[in-house]
Amino acid sequence: KMAAAVGGGAGAAAALWSEVNRCGQNGDFARALKSVNKILQISKDDVTALQCKVVCLIQNGNFKEALSVINTHTKVLTNDIIAFEKAYCEYRLNRIENALKTIQSASQQTDKLKELYGQVLYRLERYDDCLAAYRDLIRNSQDEYEEERKTNLSAVVAAQSTWEKVMPEDLGLREATYELCYNSACALIGQGKLNEAMKKLQKAEAFFLFALIFLQDVTEEDVEAELAIIHGQMAYIMQLQGRTEDALQLYNQIIKLKPTDVGLLAVIANNIITINKDQNVFDSKKKVKLTNAEGVEHKLSKKQLQAIEFNKALLAMYTNQADQCRKLSASLQSQSPEHLLPVLIQAAQLCREKQHAKAVALLQEFADQHPANAAEIKLTMAQLKIAQGSVTKACMILRSIEELQHKPGMVSALVTMYSHEEDIDSAIEVFTQAIQWYQQFQARTNCGCCVFQPKSPVHLSLIREAANFKLKHGRKKEAISDLEELWKQNPKDVHTLAQLISAYSLVDPEKAKVLSKHLPSLDTMSLKVDVDALENSYGATYVRKKAGKLTGENQQKEQGQVDVKKKKKKKKGKLPKNYDPKVTPDPERWLPMRERSYYRGRKKGKKKDQVGKGTQGSTTAGSSELDASRTASSPPTSPRPGSAAAVSATSNVIPPRHQKPAGAPATKKKQQQKKKKGAKGGW
């Protein structure tokens, strides 16, 4: 019975193995896995069945379960048997360090392990070792995957150029595919050759579109995903070239496509945030969410992730999230203690909170702990001191940077700042120290084996600037000493000699006369000056025309006579037509009517109130007053013959314009009613 049972189990296992073989050839690994599980029920420690189960799980994307099977059956599945599958599962689960250990512990390095080893080194950013691994693979293997290996090799070279700033060597790779063109463009970006890189990306796009003709079963999403990577790199080049509007437009187009590559989306979102800076912060806060997507940390390099974190901290500072900014910058500082940016961000946040003293103390502490980066930190400290108005303290900080003391830019800045503070002695001391440094450096390097010139142009330039500065501030003797040094080093320098003579003329005229003998004569000096062109120039013509306008009066002035300026004739003011010189004008005529003492205001609606009251047809008590014919004092409408109604021109009656009203008139003329408020009266 036992023999019959065993025989029956063996027959069932054979059938299952046939099923596994057939499903594996057809690519149906889910069905093959079911058959393998049935085999393992019959023989749970079957090495071949366990290997098949691991492969089926890997093909189905169940890497965690596959690794669990390997770790559960370590006695059966030793590292020599299943090293590649174990390392591959760890690689896909982003356990890169474990994958490296698994590969290195394998007794035999197969081609598959070498391929995986190259990928692992690339993810660990060990580009030199990765380059050597791929070179060895290309040299010692000949199969259908040679093009993929060359693509990976070009990717390593591009990464070296971009992240390590290494000048890539020419590997002689023929750019026959769009991937090779793309990687070549990335390498050119790392070298700063942006125009050439853009042309390579355009070539890569053309290659890809041409390859679509021969590709089958390619979806529109696949096409957009590949083109999005190329277009994203194009937009990055535009951003580096300063074409931010074009870059921003292309970035937004890519985001609208909603690509599945979280790494691409994170990079584009970060670049948009850098374009926005401290503007459009609401858009930046939306974009920063794309950088927090799951799996981003496994898609980007360490420097890319670090740049994203820096921008998050800066965005928090711009949006007045002080606690968040401090938290992010502190985290960055713990990850990279020697990096400058986290400390600078913390100092900037303190300055926004008006805590400049704390910011300076923080920077000083970092400079003491990291002397290699002290120069950049001290420059920032000096800037903060200048912002506070402590120019002298800023100068002290700048002078403490030993490696920059002698630089012309630093000397110029210190002299300018000391001059602003009117500390001329300190400014001259800065010049003296810089000149002495170059003299000592010249003495140390003047051994015949160095490239350094004995007469450094920077050294001579500093001496000349020091002399000019001393002359400007009245230190003539010290300036003469510097000019003599310059003239000794170059006796043919006429400009220096002229400066020296000019300086001596203020101190020792006799010495100036002696030195003037060294000046070249006019005959020896070849002054190529076109006299006619000089005289016909704009300035000379203007002066000549002005000189030609000398009149006889100006000539008398040259002879010593006093030039009396002509008095301008004043125009006679216009008088009113009815002006009478015998009548005294109104003294308040220049004031507006409302401001005059006799102004009583307008009486509005007096007649209107008296008319129309009572029953229809009735008359009011004051109606007789409105009848002009009944008024005895009312003048006739026209003068009667023989009457004296008309006033002659020779009468003594004062014209209305010159009269000062005794009181407010009962009625006013229409012209006076039409006058605007505040109009001026009088003449």
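This report describes salt bridges in a predicted model.

## Basis of the values

The model is predicted, with local features requiring pLDDT of at least 70 and side-chain atom pairs counted only at pLDDT 80 or more, while totals for chains, interfaces and linings use all residues. Residues are numbered from 1 along each chain as its sequence is written, and side-chain values use heavy atoms, with hydrogens and water left out.

## Salt bridges and a network

Side chains of opposite charge can pair when their charged atoms come close. With a salt bridge taken as a side-chain nitrogen of Lys or Arg within 4 Å of a carboxyl oxygen of Asp or Glu, the count comes to 19 salt bridges. Glu19, Arg22 and Arg31 are joined in a network of such contacts.

## Pairs with partly exposed residues

Arginine 243 and aspartate 246 form a salt bridge with an N to O distance of 3.5 Å. Relative accessible area is classed as buried under 20%, exposed over 50% and partly exposed in between (1.4 Å probe, protein chains only); arginine 243 is partly exposed at 37%, and aspartate 246 is partly exposed at 37%.

Glutamate 309 and lysine 312 meet in a salt bridge at 3.3 Å, N to O. They lie 3 residues apart in helix α16 (residues 302-318) and are therefore separated by about one helical turn, where helices are DSSP runs (H or I, at least four residues) numbered from the N terminus. Glutamate 309 is partly exposed at 25%, whereas lysine 312 is buried at 15%.

## A buried pair between helices

Aspartate 482 forms a salt bridge with lysine 470, their closest N and O atoms being 2.7 Å apart. This pair links distant parts of the chain, with aspartate 482 in helix α25 (residues 476-489) and lysine 470 in helix α24 (residues 457-472), 12 residues apart. Both aspartate 482 and lysine 470 are buried.

How values were computed. Helix = DSSP H or I, 4+ residues; strand = E, 2+ residues; numbered from the N terminus.
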